[in-house]
Each structure stands twice: as structure tokens, then as C-alpha cells.
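Hello,

Here is the structure I promised to pass on to you. Have a look at it first, and then read on for what turned up.

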Amino acid sequence: MKMYKLGFLLLAILGIAIITSVYLFGGIPGSEDLGSPVTVSTGSGTIYILSAEMPTVNETYPVYKTVTPVVTEDYVREIAEIFSLEGDISTMGSGILQIKNTSKEPDERIEVFINSGGFRYTIPDKMFPTVDHQPDLPSDDEAKVIAETYCADRGLLPEGDCFNQVSVYFSQGAWDAGKEISSYNVTLAAQCRQTINDLPTIGGATTVYIGEGGEVVGVTKKSRELEEKPVRYSNIISPEQATKELAAGNDVITPLEGNYDKVTITDISLAYWIEPLVSSQEYVYPVYVFSGTAEGNGESYPVYRYIWAIPSAER
């Protein structure tokens, strides 16, 4: 049961919402009536309900070109030096260069992603320790200050207060006969979300991981560097059309199968899409964000779905 909960939590964090069989009840506010329930696909029988007002959007939005660094060994060592790491560079699978410092106890490592130039610094044994008590973790406000100070000292962020979200990153529990008998929050994640043209990004963030006693045990940089000026302004589809694209299953991320009874969308907004660390990305485009709640098996979970705001012919 614990893994079941954790799985849905991770999917929510990654922004992968799961809907298989979809119905639209009634019309969409501000658009023509779509008629009686429109069956989008067959599957688990999930019911999809729209309960959100159409947002007010501009006709055009800027498209930005990324500035991706060339990831050489010197570049990797420069990133490693930020965290006082030294050692040999090795290749992890495809597209990742790593320095693992085993002379430290516990060992620390830096992974730099060739396609994006982003990185992930970790102290694995402190990010995911095995505990038998509740670790001494800072409050959310304290975690924000710790993250801001740590990044400012290392030149990882521009000036300003941007760490505005703190959540539990790793928790540990014990179970007996299917019943949870203990649960501990082990590490926190303080996130500074990248914004573009005053819009938030999906996937672009610098995250600082904080463990017992307020110690920083990891940092991930997923944000992308951009050219200062947009390369062009592109027309976007209307919120009503985006809703139809959602109903047709034309998601940015292909949804996985799920077993929900009902999914209710309560908010529709715009954001810019940032590809994962392992992926290359030449341009940054806006997307519509559909968020709400999925219900099933007596529990509810957050849902996020993404639809390209710019037509495919212009991407």
C-alpha cells in the first residue's frame, strides 16, 4: 500500500497524469456544446469531468531558443568544483558524465547531462538513509533560507527570493500485516521554479534536497538557459480547442494506464514546457496545463495533463 501511494506521488511530481477512458459531460464554458458524453477511448471506465473556467489568454506568445552548453570534461569539472568534488570522469549509460568521489564518507557524486547541460549532485546515503526515528528537519521557512543561502554562495541562482515551494522528498515507513505502524519524513525538497515571460515552467527548476540537521544532501538543476530575446511570436490555440485536444488524447506526454473512477479538472492555465534533463531541446514553447483531482479506490490524487498551446505546424 505504501508503494501504491508513493507511485502516485511520484507521477504527480513528474506531471504525468493518468486517464484512460474519458467522457465530457455537457458543454465547455465559453465554447460550443460538445454534445452528450463523448467517449474518447475505452479502458478502465474513468469519468473525466471539466469543472474549470476558460482562462483569458493572449493570441500570441513568444518562443525562445535555448542556449545549451557544450558538455566537455572541463565543463564537468567546473560543475564538480562548485561542490568541492574531484575524481575521474566516467560515462553513465548514454548521455551522462559522472564524477564519483569515493574518498569522502559517505561518497558524493555529480552527474552532468550532455543533452541539456543540467546536473544532479547527490550524497545518496544521506538522501535516502534508513532511519528508525524522525530526523530533525527544518521548517519550510528554514528550508527556503537554507536553499537560498546554499545556492547564492555557489552562484547557482540569480539574486532574489525564489524558493517558494517545500515538500517532503523521501519518507520511510514500516508496515505490519498491511497496517502502517510508523512513518518518518526523511528529506525535504526546496524548489526554485524557473519562470519565462512571467509564466511558470513545467520541468524547469533548481531543487535543493535537505536532510537531518538542515544539511544539504543534493542539488538538481533542470532549468534551461535561454537567449535573451524570443526568436518569434506564435499564435496559440484557444483554451476551448486545447480542451478538445485533451479529450482527443493529444497530450504532450503519452499518458499511462490508470484505474480511476473519476477525474475532475478544476484549473486550466499556461506554462512553458522544459524537457527532462536527458533530452535535448532547441526551443521552448508554451503548453496548456490541466490540473485537478483523480479519485479511485477510496482515495484522491492530484492530476496534471499538458497540451501544446502552439499548433504542430509552428513547432
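Predicted model: local features only at pLDDT ≥ 70, side-chain atom pairs only at ≥ 80, totals over all residues.

Let me begin with helix H5, where the cover over the buried residues includes E1, E12, E14 and E15. H5 itself spans residues 239-247, and its buried residues are Pro239, Glu240, Ala242, Thr243, Leu246 and Ala247. Because these residues cover an arc of only 160° around the axis, they sit on the same side of H5. After H5 comes Gly249, which has a positive phi near 80°.

Now a step back to the whole chain. The protein chain has five helices and 15 strands. Of its 315 residues, 43% are buried. The accessible surface comes to about 16200 Å², and carbon and sulfur atoms hold 47% of that. Among contacts with a separation of 6 or more, 61% are between residues 24 or more positions apart.

Next, the interior. In soluble globular proteins, nonpolar side chains tend to be buried together. Which residues touch the most other members of the largest nonpolar core? They are Ile268, Val287, Tyr288 and Phe290, in a core of 38 residues. At least two residues of this core come from each of strand E1 (47-50), E2, strand E9 (199-210), H5, strand E12 (262-273), strand E14 (286-296) and strand E15 (299-308). The biggest share is that of E12, which gives seven residues. A second, separate core has 29 residues, including Leu97, Ile123, Ala143 and Ala147.

Leaving aside neighbours within four places in sequence, Val287 is in contact with Ile202, Val252, Ser269, Leu270, Ala271, Trp273, Tyr306, Ile307, Trp308 and Ala309.

There is also an open sheet of three strands to look at. Its order is E11-E2-E13, and the pairing is antiparallel. Strand E11 (232-235) and strand E13 (283-284) are the edge strands, each pairing on one side only. E2 covers residues 60-65, and four bridges link it to E11 in the antiparallel sense. Within that pairing, Val63 stands opposite Arg232 of E11.

- Glu105 and Pro106 are joined by a cis peptide bond, with omega at about -5°. Pro106 lies in the loop between strand E4 (96-101) and strand E5 (108-113).
- Ser84 has a phi near 60°, which is positive although the residue is not glycine. You will find Ser84 in the loop between helix H2 (73-82) and strand E3 (89-91). Is Ser84 buried or exposed? Its relative accessibility is 53%, so Ser84 counts as exposed.
- Asn197 is another residue other than glycine with a positive phi, in this case near 55°. Asn197 belongs to the loop between strand E8 (179-196) and E9. With a relative accessible area of 37%, Asn197 is partly exposed.

Best wishes, and enjoy looking around!

How values were computed:
Residues numbered from 1 in each chain as written. Heavy atoms only, no water. Buried < 20%, exposed > 50% of the residue type's maximum accessible area, 1.4 Å probe, protein only. Contact = heavy atoms within 4.5 Å. Areas by Shrake-Rupley, 256 points an atom, 1.4 Å probe, with all protein chains shown as cover. Pairing = 2+ DSSP bridges. Core = buried A, V, L, I, M, F, W, Y, C linked by side-chain atoms within 4.5 Å. Arc of directions from axis to C-beta.
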